[in-house]
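Good morning, colleagues. Please look at the model on the screen while I discuss its charged pairs.

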Amino acid sequence: MKALGEFASLIHNENIKIFRRLRTWIMLILLALMSALFPALIHFTTNGSNVVGLWDSFRTTVAIAFFLNTIFTALVAADSVAGEFTWGTIKLLLIRPWSRSKILLSKYISLVIFSLVSTGVLILFGYGSAFIFSSRDAGITGDMVMGWGQGEYVFMLVLCSYIELFLTAAIAFMISSVFRSSGLAIVLSLSIMFTKDIFIAIFNPDRYEWANYLIFAHMNLSNYVVSDTGPGGATLGFAIAVLAAYYVIFMAVSWIVFRKRDVAA
C-alpha cells in the first residue's frame, strides 16, 4: 500500500507539472470555446432554412474539434519527457528514489489523464452547445447508422476519434522519449498526423497488400461503425491487432531507451 501511495503521489506531481502551466489552460479554454462555437455557427449560418438535428450538429463539432484536441494532446506528449531535458530538470528527477520505469509510467498516465480531460471538455461544451442551438427532433442525415441509436452512433464516432488521438499521443510520447528535443518531437508527431492520409492515398491497401500492415491504414476505425470491413478488406479484429502491435512497439521503445539513456552529459 505504501508503494502504491508513493506511485500515486508521483502521478500527482506529474499532473501538477501539466496543469499548472498557463498554456495547458489556454489549450483547454480554446478547445471549450471552439466546441461551443461550432453548433452556434451551424445554427446561425443555416438561417432557419434547414433544421439541423442535435446529433448531426454534435457529430460535426466532434469531427472538427477533435482535430484540435489531437494537436493539443500531441503537444503535451511531445513535451512530457523531452521537456525535462530541455529545462535541465531530468537529473533532479532521476536522483529521486523511484525507478526510471515508474517515472516514465507516471508521465504516461498523466498524459492519458490530460487526454481524457480534454476530451471530456470537448464533449461537455460541444454537446451542451448542440443541445441549445439544435433540434432534438431531427435525425442524423447522410451516413447509415447500421442499427445504432443516434446517440450510440455519434458516441461510437467519438470513441474512434479518441483511439486515433490515443495512438497519435503514443507516437509523440515515444519520439519525446527517444529524442531529447521537444521541438523535434512536436514536428515529427504533427507531421505524421497531417500526412498519414496522403501516405495511405499513395500506398492504398486496396492496391498493395503489404500496406494493410501499416498503422496509418487502421488509425481511423470509424469505417467499421457503418461497415464490416475497412481498407483493403480488413476486418475490425485485424485492424485492432495491427494497432495493438504498433502500440506495444511504441511503448517498448520508449521504456527501453529511457531506462538505458545516459543523462550524465
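Lys 17 has a relative accessible area of 22% and is therefore partly exposed; the terms here are buried for under 20% relative accessible area, exposed for over 50%, and partly exposed in between, with a 1.4 Å probe and protein chains only. This is a predicted model, in which local features need pLDDT of at least 70, side-chain atom pairs count only at pLDDT 80 or more, and totals for chains, interfaces and linings use all residues. Residues are numbered from 1 along each chain as its sequence is written, and side-chain values use heavy atoms, with hydrogens and water left out.

Lys 17 pairs with Glu 14 in a salt bridge, their closest N and O atoms lying 3.3 Å apart. By salt bridge I mean a side-chain nitrogen of Lys or Arg within 4 Å of a carboxyl oxygen of Asp or Glu. Glu 14 is buried, at 5% relative accessibility. Helices are DSSP runs (H or I, at least four residues), numbered from the N terminus.

How many salt bridges does a search of the whole structure find? The search finds five. One of them joins Arg 23 and Asp 79, at 2.6 Å from N to O. Because Arg 23 lies in helix α2 (residues 22-46) and Asp 79 in helix α3, this pair ties together parts 56 residues apart in sequence. Arg 23 is partly exposed at 42%, whereas Asp 79 is buried at 11%.

Conventions:
Helix = DSSP H or I, 4+ residues; strand = E, 2+ residues; numbered from the N terminus.
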